[in-house]
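Welcome! Take a moment to look over the structure below, and then we will walk through it topic by topic.

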Amino acid sequence: MRAYIAARLVTAVLVILGVSVVSFFLTFLTGDPAEIMLPPGATAVQIAKFRAEWGFDDPLAIQYWRFLRRAVHGDFGVSLRHGQSSLPLIAARLPATLQLTVTAMLLAIVLAVPLGVLAATHRGGKIDLIAMGVALLGQSVPNFWLAIMMILLFAVSWGVLPTSGRGGFAHVVMPAAAIAINLMALLTRLVRTTMIEVLAEDYVRTARGKGLREVFVHTRHALPNALIPLVTVVGLQFGYILGGAVVIETIFTWPGVGLFTIQAILNRDYPVVQASVFILATAVVLINLAVDLLYVWLDPRIRVA
Amino acid sequence: MSGRVERESAPVSPALRAPSVGLAWLARLARRSPLATVGAVIVGLVIVAALAAPLLATTDPIDQDLTIVLKPPFWLEDGSLRHPLGTDHLGRDVYSRLVYGARISLAISVLAALLGAAVGVAAGLVAGYIGGRVDAIIMRVVDLNLAFPLILLALAVVALLGASVKNLVIVMSITTWMIYARVVRGLSLTLREQEFVQAIRALGAHDARIIARHVLPNVLAPVMVIWTLEIARVILMESALSFLGLGVPPPTPTWGRMLAEGRDYLTVAGWISIFPGLAIMVTVLGINFLGDGLRDLLDPRLRRQT
């Protein structure tokens with residue numbers, strides 16, 4: 001098992017290095033970063049001066065090495081728009097995004113688990129049909145459209161929830177629900193499928209044979225085993241959830257990393273875009289690593305092997 | 001001699017045979033999976049709308065008429081059948097824009113999913129069949145690509161390169177190839193060890209030939225299922241990019257931008273945003289129905305226990 005963890009750590013470090021290469025090369029997609037960063041109409045002298053100042057005349061490998069060395073020290077350069085170091089700017093907005101994504105994940109799990117279990121235990125019945133209908137709709141609805149429709153209904157027509165910004169619990173409900181919907185649909189189907197599989201296992205039959213009540217068999221014997229795959233899938237979906245947050249934050253002007261990054265992309269504020277892509281991707285890698293390690297702990301069969 | 005043996009020794013299990021789309025097949029689909037049939041009908045209608053947009057549209061989708069701005073759909077007061085789904089803030093016909101919008105959504109999504117599938121299947125075949133270091137490298141690239149919040153990557157790349165149809169197709173395909181690579185790698189890994197492949201190799205067939213003639217056909221069914229479902233995902237992503245202002249540039253009507261443009265008029269003219277959203281949802285729902293149905297039909301190993 002120690003070997004597995006070591007291998008997993010090495011992979012994570014390699015992927016993070018890859019992430020740094022991609023973040024670095026983002027600036028070079030159009031050819032000359034100086035042209036992207038400087039306002040249009042900059043003179044040749046200005047461009048040359050800018051290139052020299054930022055070290056764009058050095059060979060790429062040297063530039064990448066410099067980028068990496070600075071990145072390790074948390075230095076991604078100064079935001080062209082805000083005139084401050086980009087990492088603290090992003091760090092300041094991270095809690096808002098975390099609040100939103102974690103709420104969304106919890107919301108998705110809290111709704112999906114009972115729905116999936118009920119669908120599995122009432123397989124083929126009305127509840128199953130409704131649950132699967134909800135799941136299919138949830139999978140197909142564009143989350144930004146749902147967000148707008150919720151604003152129209154809950155904020156504009158009924159006035160029960162605020163349209164935008166960050167504040168109390170009322171502020172987080174709509175954006176979190178909009179992000180959660182696709183994940184909720186996916187998890188409902190997953191819980192239903194694994195629960196059906198688990199219910200056919202011998203140990204469930206044994207539990208029934210002991211004369212345990214059905215509810216007890218479902219919640220104590222079947223459900224914990226059915227939830228193991230859920231951990232992996234939620235971890236794997238974290239990247240998608242962050243992506244969802246990027247779109248949803250702009251709709252609700254939620255002051256998180258997503259909104260900030262979109263503004264940076266539109267303003268061509270490249271130090272911020274680089275830093276943000278690097279940090280968000282690294283976060284996804286670390287979460288997946290954590291999930292894999294958690295999985296080892298959850299599933300004794302892997303732990304022993 | 002070797003040709004004959006090869007044909008005989010390449011048993012494609014019936015359930016995995018790549019489907020031939022004919023009337024009998026459609027009838028089987030309808031009987032086996034009513035949902036998939038509903039999906040096929042929805043998808044068929046959207047394709048027809050996209051192809052026949054000039055015939056179906058009642059007006060030019062980019063024609064502005066400032067004398068008829070924000071007219072409601074025909075069933076509301078002040079609505080008329082001249083503009084069945086109303087008009088937007090520039091007096092453009094929402095129905096006609098919707099029909100034309102189907103073109104962009106479908107074209108970009110189908111092409112991006114196709115390109116992603118081609119790259120992903122090739123990568124998966126090579127990784128699974130050759131194995132070793134090549135496999136390790138390809139799979140690390142897959143991991144790397146999966147680590148990025150894809151929409152953020154797509155946004156950054158589109159913002160840099162400019163939002164043309166070509167760039168969007170390329171960017172979207174970057175977000176979709178990994179899943180094929182993973183699935184196809186897993187399948188070809190097992191296929192490589194199967195007796196019929198071993199036998200063909202013993203007969204001296206070249207690796208490239210084995211991959212193309214014997215491994216590829218056996219992975220096509222799951223690939224088709226993934227392809228269908230990925231089109232749905234790409235449609236959602238394309239509309240999200242378009243919604244954020246980074247889709248195909250105006251004046252081309254796209255569902256995502258129509259939705260975004262309607263945001264400022266939500267309270268007075270909700271229909272501008274409501275219909276494109278419904279169009280996206282129904283299309284994606286139809287594709288998902290079809291994809292699920294195809295999976296049940298083509299690949300019993302993936303079938304959900306129902």
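Across the interface of chain B and chain A in this predicted model, the rule finds one salt bridge, meaning a side-chain nitrogen of Lys or Arg within 4 Å of a carboxyl oxygen of Asp or Glu. The partners are D292(B) and R189(A), whose closest N and O atoms are 2.8 Å apart.

**Where the two chains meet**

- Helix 6 (132-147), helix 7 (150-161), helix 11 (207-243) and helix 13 (271-298) of chain B each supply at least two residues of the side that touches chain A. Here helices (H or I, at least four residues) and strands (E, at least two) are DSSP runs, numbered from the N terminus.
- Helix 13 of chain B gives the largest share of that side, 12 residues.
- By type, the residues on this side of chain B are 29 nonpolar, seven polar and seven charged. Ala, Val, Leu, Ile, Met, Phe, Trp, Tyr, Cys and Pro count as nonpolar, Asp, Glu, Lys and Arg as charged, and the others, Gly among them, as polar.
- In total, 43 residues of chain B are in contact with 48 residues of chain A, where contact means heavy atoms within 4.5 Å.
- The size of an interface is often given as the accessible area lost when the parts come together. Chain B and chain A bury about 4,000 Å² between them, 78% of it on carbon and sulfur atoms; this is the area, found with a 1.4 Å probe, that the two parts lose, summed over both.

**Chain B as a whole**

- Chain B has 13 helices and zero strands.
- Of the 306 residues of chain B, 54% count as buried (under 20% relative accessible area, with exposed over 50% and partly exposed in between; 1.4 Å probe, protein chains only).
- Among contacts in chain B between residues at least 6 apart in sequence, 74% join residues at least 24 apart.

- Leaving out residues up to four places away in sequence, Q63(A) touches F24(A), F28(A), G55(A), F56(A), D57(A) and D58(A).

**How to read the numbers**

- Residues are numbered from 1 along each chain as its sequence is written, and chains are lettered from A in the order in which they are written. Local features need pLDDT of at least 70, side-chain atom pairs count only at pLDDT 80 or more, and totals for chains, interfaces and linings use all residues, while side-chain values use heavy atoms, without hydrogens and water.
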